[in-house]
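Let's take a walk through this protein together, starting with the ligand and then moving out to a sheet. Keep the picture handy as you read.

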Amino acid sequence: MQNDIQSILFTEEEIQHKVNELGEQLSRDFDNRNPLVICVLKGAFVFMSDLVKRMTIPLEIDFMAVSSYGQATRSSGVVKIIKDLDVPVEGRDVLIVEDIIDSGLTLSYLIDVLERRNALSVSIVTLFDKPAGRSVELEPDYKGFTLPHEFVVGYGLDYAEKYRNLPYIGILKREVYAKP
Ligand SMILES: O=P(O)(O)OC[C@H]1O[C@H](OP(=O)(O)OP(=O)(O)O)[C@H](O)[C@@H]1O
Ligand SMILES: [Mg+2]
């Protein structure tokens, strides 16, 4: 698995340090709001589990599964809800936890869905941001790291469902996904 990685962008230690900082900031900003913290499956599951452990305030969690990449390195442009939330968001302060914002299509779709369900507020925290990939305008409220315009894997992020269990994030070698 490691042999398929061209270079490591952020190490396990760097990621943990950043997650701690984000957890502290979110704990301050969401104090007394009992936020509904939503994990966008599958990619965000690693970040979500590390982040909520660093949040020291009362909160609730829920999960939503969406997918638009499938076996590709470019978004299909069609965001599919595979699993919806279990609880209503009406009147709730919602915090969406994402692993990466690339084209922005997944989140712009989700924000629209949650606003139409009358959430009181919708905030976004993403660990990784790839602004050069955007096809719609979208800025996260909180972010960890900015990434170059490369396809990356690890710390929850996959290529064709592989590499999610790498503890760091790295650039995937092109030969792994480029057709000869
Ligand atoms: O900004 P975008 O271009 O929409 O890309 C970001 C989304 O793409 C990935 O999910 P994916 O559809 O691959 O599903 P997965 O989380 O199950 O891997 C990632 O986890 C984000 O949710
Ligand atoms: Mg994926």
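**Around the ligand**

Sort the shell around ligand 1 by class and you get five nonpolar, seven polar and five charged residues. Here Ala, Val, Leu, Ile, Met, Phe, Trp, Tyr, Cys and Pro count as nonpolar, Asp, Glu, Lys and Arg as charged, and the others, Gly among them, as polar. Before going on, know that this is a predicted model, where local features need pLDDT of at least 70, side-chain atom pairs count only at pLDDT 80 or more, and totals for chains, interfaces and linings use all residues. Residues are numbered from 1 along each chain as its sequence is written, while chains are lettered from A and ligands numbered from 1 in the order in which they are written.

In total, 17 residues surround ligand 1, each with its C-beta atom, placed from the backbone, within 6 Å of it. The closest are G43, Y69, D102, S103 and T106. Strand β5 (93–101) and helix α3 (105–116) each supply at least two residues of this shell, and β5 gives the most, with four. (Helices, H or I of at least four residues, and strands, E of at least two, are DSSP runs numbered from the N terminus.)

Now for the sheet. Three strands form an open sheet in the order β1-β9-β8, with antiparallel pairing; two strands pair if DSSP finds at least two bridges between them. Since β1 (5–10) and β8 (152–153) are at the edges with a single partner strand each, one side of each is left without a neighbour in the sheet. Four bridges join β1 to β9 (residues 169–172), and S7 sits opposite I171 in β9.
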